[in-house]
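Biologist: I am new to this structure and would like to go through it with you, element by element. Could you show it to me before we begin?

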Amino acid sequence: MNWGFIGFGRIARKFLESLFAVEGEVPYAFASRSNAQTLQQEFPHVKVYDSYEALLQDPKVDVVYISTTHNFHCENTIAALKAGKHVLCEKPMGVNSHEIRKMTEVAEASGKFLMEAMWTRFLPAYNEALRRAKAGAIGPLNYLTASFGFRSEDKLTAQGRLLNPELAGGAFFDVGVYPLTMAADLFGWHPEQIQVTARVGHTGVDESVQVQLSYPEGALAQLFASVTTGTNKEACIYGQDGFIRLPLFWKAQSFEIVKGDVIEKVELPFISTGYAHEIIEVRDCIRRGDRQSARVSLNESLKSAQLVEKIRGHIFKEV
Ligand SMILES: NC(=O)c1ccc[n+]([C@@H]2O[C@H](COP(=O)([O-])OP(=O)(O)OC[C@H]3O[C@@H](n4cnc5c(N)ncnc54)[C@H](OP(=O)(O)O)[C@@H]3O)[C@@H](O)[C@H]2O)c1
């Protein structure tokens with residue numbers, strides 16, 4: 001298929017490397033509002049547009065990868081679907097549940113494929129660790145800790161996308177969705193209690209957030225997200241008989257199962273920069289004629305957005 005990129009920033013470059021690794025998938029066109037000329041020089045064999053609309057009007061584009069800032073995801077996705085393109089949209093696909101519902105409606109009316117780019121769900125190590133945990137490798141599951149905190153000085157300007165509320169910045173939108181998705185993968189999307197504490201910075205976005213969840217079956221989760229504090233980015237699933245540790249869990253390539261003094265190490269590297277697995281899912285779904293992925297369904301995106309809404313409600317007292 002011919003891929004068109006809407007927005008071409010940091011993640012688009014990493015995604016592109018993975019696209020090259022998937023046979024038959026072609027980076028055909030890029031659209032960048034800020035950087036088209038330079039990109040055209042760098043990628044002479046790719047069509048480069050300076051407007052998103054122009055790329056969407058190109059009949060040779062089959063599928064669009066959207067990696068703009070969070071505030072634009074809904075608008076860009078709807079425009080792409082209406083132009084008759086399949087869409088893979090970066091996380092979070094929408095900044096609230098209303099946006100996800102609108103995007104889903106347009107996807108259904110257009111008959112085109114739409115998926116949120118929750119790439120961790122396709123990583124072999126992540127999936128195997130969760131499969132083993134659920135299959136009883138460490139006994140009944142009691143507790144999850146997962147943190148994703150990073151700090152890049154150059155990204156922390158007031159205008160930059162991480163701290164700018166106009167661009168839907170903030171830690172929970174940017175990285176909180178990863179630990180939250182892992183908690184949901186283990187315990188479901190409906191915790192019965194949610195406790196949130198957060199640091200809201202001078203620009204008005206959540207810079208660091210800690211969330212404690214308790215689930216009806218008795219399991220607990222402790223999650224942390226930050227764009228100002230680097231953490232070990234580790235997840236640990238605790239069961240009655242031991243624990244499973246995933247270093248760098250959102251881009252996992254290995255994990256350890258620890259039971260008493262016995263440590264089993266499992267290595268399951270990903271292809272290229274890791275995004276190849278979600279690209280293969282998109283390709284396979286579209287080839288089969290599926291309108292969404294069973295592994296990151298639009299209903300999952302809705303549930304995620306609803307839970308993020310509740311968490312942000314605790315931070316900003318919106319609900
Ligand atoms: N899956 C992952 O592992 C992963 C990792 C990092 C980020 N992400 C997600 O990918 C998306 C983009 O992240 P990124 O790190 O690539 O962001 P980025 O490099 O800062 O920006 C991406 C694009 O967004 C547009 N943009 C940036 N700042 C803007 C502004 N002030 N006004 C208008 N447009 C602006 C630009 O589009 P133009 O090129 O058109 O100018 C830019 O190329 C986000 O949804 C993020 O959560 C995913």
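Modeller: Before anything else, contact here means heavy atoms within 4.5 Å, while helices (H or I, at least four residues) and strands (E, at least two) are DSSP runs numbered from the N terminus. This is a predicted model in which local features need pLDDT of at least 70 and side-chain atom pairs count only at pLDDT 80 or more, whereas totals for chains, interfaces and linings use all residues. Residues are numbered from 1 along each chain as its sequence is written, and side-chain values use heavy atoms, with hydrogens and water left out.

Biologist: Across which strands does helix α9 lie, and at about what angle does it run to β8?

Modeller: Axes are lines fitted to C-alpha atoms, for helices over the stretch in contact, and angles run from 0 to 180 degrees between N-to-C directions. Helix α9, residues 298-316, lies across β8 and β9 (206-214), and its angle to β8 is about 55°.

Biologist: Which strands are the edge strands of the open sheet of eight strands?

Modeller: Two strands pair if DSSP finds at least two bridges between them. Pairing on one side only marks the edge strands, which are β8 (193-200) and β14 (262-267).

Biologist: Within that sheet, which residue of β10 is the bridge partner of Ser147?

Modeller: Strand β7 (residues 141-149) and strand β10 (residues 220-226) run parallel and are joined by seven bridges. In β10, the partner of Ser147 is Phe224.

Biologist: How far apart are the axes of α7 and α9 where they pack?

Modeller: The contact is made on the α7 side by Phe172, Phe173, Val177 and Leu180, and on the α9 side by Ser304, Leu307, Val308, Ile311 and Arg312. Helix α7, residues 171-187, packs against α9 at an angle of about 115°, with the axes apart by 11 Å.

Biologist: What is the order of the open sheet of six strands, and which residue in β6 stands opposite Cys89?

Modeller: With parallel pairing, the six strands follow the order β3-β2-β1-β4-β5-β6. Strand β5 (residues 86-89) is joined to β6 by three bridges, and the two run parallel.

Biologist: Which feature does UniProt place at residues 1-116?

Modeller: Over residues 1-116 the chain is 41% helix and 22% strand, with the end C-alpha atoms 18 Å apart. UniProt positions are given in the numbering used here, feature names are shortened, and annotations may be inferred rather than shown by experiment. The unreviewed UniProt entry names the feature "domain: Gfo/Idh/MocA-like oxidoreductase N-terminal".
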